Amino acid sequence: SDHMTYGEESGGSSTLPGGNIVAPARRRRCAHPRPSRQWAEMEREALARLILDQLPRFRSRLYLADAEALAQLLRRSPMAEVMSGDYAWSLCFEPAFVASLCWEGFLPICSELGGNGAPGLFVLMPKLHTHRCVLEPSAMHIPRKVRKRASAYRLTVGQAFEAVVDGCAAQHRPSWLFPPLRAALSALSAPSSLRGVGGATPCFVTFELWTRPPDGCTEPAQLVAGDLGCVVGRSYTSFSGFHTASGSGSVQLALTGALLQRAGFGWWDLGQEHGYKSGLGAAAVPRSQFLRTFRRLRAERNRLAEVVGPGGDASEASALPPRAASAEAAAAAAAADGKAP
């Protein structure tokens with residue numbers, strides 16, 4: 001399978017657990033106001049009350065006003081105790097707040113609640129799954145056909161951030177990558193030099209898969225797959241991915257996993273459960289267990305900037321490890337050496 005839905009591709013106004021909300025009656029200055037104008041003129045807390053009044057389902061979800069509100073909440077109770085379902089919600093898209101959410105293990109995604117009469121009411125929907133799908137990079141299953149295809153591509157890191165985000169938004173529709181969240185992710189993106197990526201400060205990176213033109217070919221390399229995610233210490237969380245060529249998504253997964261292993265990542269957080277993720281070797285862990293391990297890994301340094309070459313080139317660092325010998329082959333080799341298997 002070449003399915004590339006790593007993170008939360010259930011976003012958008014039609015499928016996220018949100019709904020439509022109607023703006024209060026107001027005097028319009030023109031026949032066709034710009035999207036979100038009505039919402040922009042309302043105070044954030046007034047908007048929050050309007051949402052709670054019109055969309056009862058939000059009343060059972062944790063409301064997080066901003067980074068300070070999140071910090072105050074965590075001073076009183078652990079996050080695992082205050083979250084009842086998967087989602088919280090907020091009207092704040094400040095980069096510092098999004099970074100705080102990532103530091104606490106959330107996947108911040110976005111929904112549009114405005115109805116046809118007043119589009120553009122964007123709501124942040126931080127998700128902290130009751131069960132999270134995680135993969136230890138060294139345990140990733142790499143099919144033989146993926147190994148054969150890999151030589152036709154090369155991997156880079158942090159060299160085409162906007163192009164990867166565009167690819168993710170185009171492939172997964174309806175997309176949760178609405179403008180205010182995209183702006184926050186861009187503000188939190190790592191520099192192309194990857195300086196500062198090794199520490200505990202959350203930063204967003206992209207892994208890009210390019211074609212490798214044959215020797216003597218003057219055609220430029222083409223971006224054919226990519227992954228968008230967040231690095232926090234030794235934890236990497238995939239938010240979304242895309243591919244444009246058959247088989248390229250599977251190769252990008254394999255090379256990214258090999259790179260994460262060499263860069264010392266403790267795990268690859270793949271978000272919600274999917275069958276293809278289990279096929280990679282991932283397992284779902286309860287939220288409490290996820291948070292315990294995540295808090296340990298976020299405080300430890302990775303070596304991503306050290307193993308990636310100039311210009312973000314990860315060709316050497318993402319080389320696939322040798323295929324593990326089968327149990328039968330290992331037993332045969334042991335018997336030939338006169339040793340017990």
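Modeller: Let's start with a word we will need throughout: two residues are in contact when heavy atoms of theirs lie within 4.5 Å. The model above is predicted, so local features need pLDDT of at least 70 and side-chain atom pairs count only at pLDDT 80 or more, while totals for chains, interfaces and linings use all residues. Residues are numbered from 1 along each chain as its sequence is written, and side-chain values use heavy atoms, with hydrogens and water left out.

Colleague: Thanks! How many helices and strands are in the protein chain?

Modeller: Helices (H or I, at least four residues) and strands (E, at least two) are DSSP runs, numbered from the N terminus. The protein chain has 13 helices and 11 strands.

Colleague: What share of the residues counts as buried?

Modeller: Buried means under 20% relative accessible area, exposed means over 50%, and partly exposed lies in between, using a 1.4 Å probe and protein chains only. Of the 341 residues here, 50% count as buried. Contacts give another overall view: among those between residues at least 6 apart in sequence, 77% join residues at least 24 apart.

Colleague: Could we try one residue? Where does Leu-128 lie, and which residues does Leu-128 touch?

Modeller: Leu-128 is in the loop between strand 4 (122-127) and strand 5 (131-135). Leaving out residues up to four places away in sequence, Leu-128 touches Met-79, Met-83, Gly-85, Asp-86, Glu-104, Gly-105, Phe-106, Arg-287, Phe-290 and Leu-291. Its relative accessible area is 0%, so Leu-128 is buried. Gly-85 shows how the chain comes back: it is 43 residues away from Leu-128 along the chain, yet their C-alpha atoms are separated by 8.2 Å.

Colleague: Now the strands. In what order do the seven strands of the open sheet come?

Modeller: Two strands pair if DSSP finds at least two bridges between them. In this open sheet the order is 6-7-8-9-10-5-11, and the pairing is mixed. On average, neighbouring strands are turned by 35 degrees against each other, direction ignored.

Colleague: Which strands run parallel, and which antiparallel?

Modeller: Take a few pairs. Strand 6 and strand 7 run antiparallel and are joined by five bridges; Tyr-153 has Thr-211 of strand 7 as its bridge partner. Strand 7 and strand 8 also pair in the antiparallel sense, over eight bridges, and Trp-210 is partnered by Leu-223 in strand 8. By contrast, strand 9 (residues 235-243) and strand 10 (residues 267-269) pair in the parallel sense over three bridges, with Tyr-236 opposite Trp-268. Strand 7 (residues 203-211) is mostly covered, with eight of its nine residues buried.

Colleague: Which helix lies across these strands?

Modeller: For angles, axes are lines fitted to C-alpha atoms, for helices over the stretch in contact, and the angle between N-to-C directions runs from 0 to 180 degrees. Helix 11 (residues 287-298) lies across strand 5, strand 8 (223-232), strand 9, strand 10 and strand 11, at about 95 degrees to strand 11.

Colleague: And what polar contact does the side chain of Ser-235 make?

Modeller: A polar contact is a pair of N or O atoms within 3.5 Å; within protein, one must be able to donate a hydrogen and the other to accept it, and residues adjacent in sequence count only if both atoms are side-chain atoms. The side chain of Ser-235 makes one with the side chain of Trp-267, at 2.9 Å. Ser-235 is in strand 9 and is buried, at 1% relative accessibility. Arg-132, in strand 5, is also buried at 1% relative accessibility, and its side chain makes a polar contact with the side chain of His-129 at 3.5 Å.

Colleague: Last one: how far does helix 9 reach from its first C-alpha to its last?

Modeller: The expected span of a helix is 1.5 Å times one less than its number of residues. Helix 9 (residues 248-262) has 15 residues and reaches 21 Å, close to the 21 Å expected. Gly-264 follows helix 9 and has a positive phi, near 80 degrees.
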